[in-house]
Amino acid sequence: MKILVGYKRVVDYNVRIQVKADGTGVVTDGVKLSANPFDDIALEEALRLREKGIATEVVVVGIGPTDLTAHLRNGLAMGANRAIHVQTSDAVSPLTAARIFLKLVEKETPEIIILGKQAIDDDANQTGQMLAALWERPQATFAGKVDVADGKVTVTREVDAGLEIIEADLPVVITTDLRLNEPRFIKLPDIMKAKSKPIDVIELSSLGVEVADHLKATHYAAPAKRSKGVMVTDAAELVATLKQKGLL
């Protein structure tokens, strides 16, 4: 069994995001970039399935510019067998990413595709669902537990009312939630081994995927600064203050 794992590079979650002065995007020059946290969880789950003997190969897939190689090496050091780098300098929307994965499915024929439920740079939470629709295969999103047996996958997911259990036939698309697992630490020997693992480089233009985005971001702005709190002496003053601000 082969598992494909989406492995996106984003601004590190510890970095304070700064909007460019002209409002055309966020500052990324000189900023630490790292794996999307949900994608690390997706890769960890794929590796655990391989360690259980359920999967035989784990392939990480990255979509981005030429300097994405170091990021993919990180996924290889974590334990993936090999990597695929779809090279493009253009921004990639969730729909474009789903179409790229569909082309890779035709080439790789995986049984399971595991993606993070969302990327922390756009919080779109769309690629997995779009891929399942294009592939015409079942989807199990927001996975908190994954079991694979007898050609089926059983996914436990958190919903507003509690827990929901989904059973689906393979092949399937799974997206991971935070509580699914805790990704492993990468050790120095694994980093050295990753240097010899293969990375297949594919130009996006060779896949025949339309790269034009259907959505266009016209402007970026930082959130408004919060005003200082106001101390009130009693409930009556609180009500009066809220009315004065038009909140009541």
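Which residues are buried in helix H4 (residues 127-135)? In this predicted model, the buried residues of H4 are Gly128, Leu131, Ala132 and Trp135. Viewed along the axis of H4, these buried residues fall within an arc of 100 degrees, so they line one face of the helix. In general, an α-helix has 3.6 residues a turn, so residues three or four places apart point the same way. After H4 comes Glu136, with a positive phi near 60 degrees.

S6 is paired with strand S1 (residues 2-6) through 3 bridges, and the two run parallel. In this pairing, Ile3 has Ile112 of S6 as its bridge partner. S6 and S10 also run parallel and are joined by 5 bridges. Here the bridge partner of Ile113 is Val173 in S10.

Most residues other than glycine have a negative phi, and most peptide bonds are trans. Asn125, in the loop between S6 and H4, has a positive phi near 55 degrees. Its relative accessibility is 24%, so Asn125 counts as partly exposed; the cut-off for buried is under 20%. Phe142, found in strand S7, is not a glycine either, yet its phi is positive, at about 55 degrees. The peptide bond from Leu170 to Pro171 is cis, with omega near -5 degrees. Pro171 belongs to the loop between strand S9 (162-169) and S10.

Ser34 is part of strand S3 (residues 33-35). With a relative accessibility of 17%, Ser34 counts as buried, because buried means under 20%. The side chain of Ser34 makes a polar contact of 2.7 Å with the side chain of Asp12. Asp12 is also among the residues that Ser34 touches when those up to four places away in sequence are not counted; the others are Lys8, Arg9, Val10 and His71.

Arg48 is located in helix H1 (residues 37-51). At 31% relative accessibility, Arg48 counts as partly exposed, since that class lies between the limits of 20% and 50%. A polar contact of 2.7 Å links the side chain of Arg48 to that of Glu44. Apart from neighbours within four places in sequence, Arg48 is in contact with Asn181, Glu182 and Arg184. Arg48 and Leu76 are 28 residues apart along the chain, and their C-alpha atoms are separated by 14 Å.

Conventions: Residues numbered from 1 in each chain as written. Predicted model: local features only at pLDDT ≥ 70, side-chain atom pairs only at ≥ 80, totals over all residues. Heavy atoms only, no water. Buried < 20%, exposed > 50% of the residue type's maximum accessible area, 1.4 Å probe, protein only. Helix = DSSP H or I, 4+ residues; strand = E, 2+ residues; numbered from the N terminus. Arc of directions from axis to C-beta. Contact = heavy atoms within 4.5 Å. Polar contact = N/O pair within 3.5 Å; in protein donor to acceptor, adjacent residues only side chain to side chain. Pairing = 2+ DSSP bridges.
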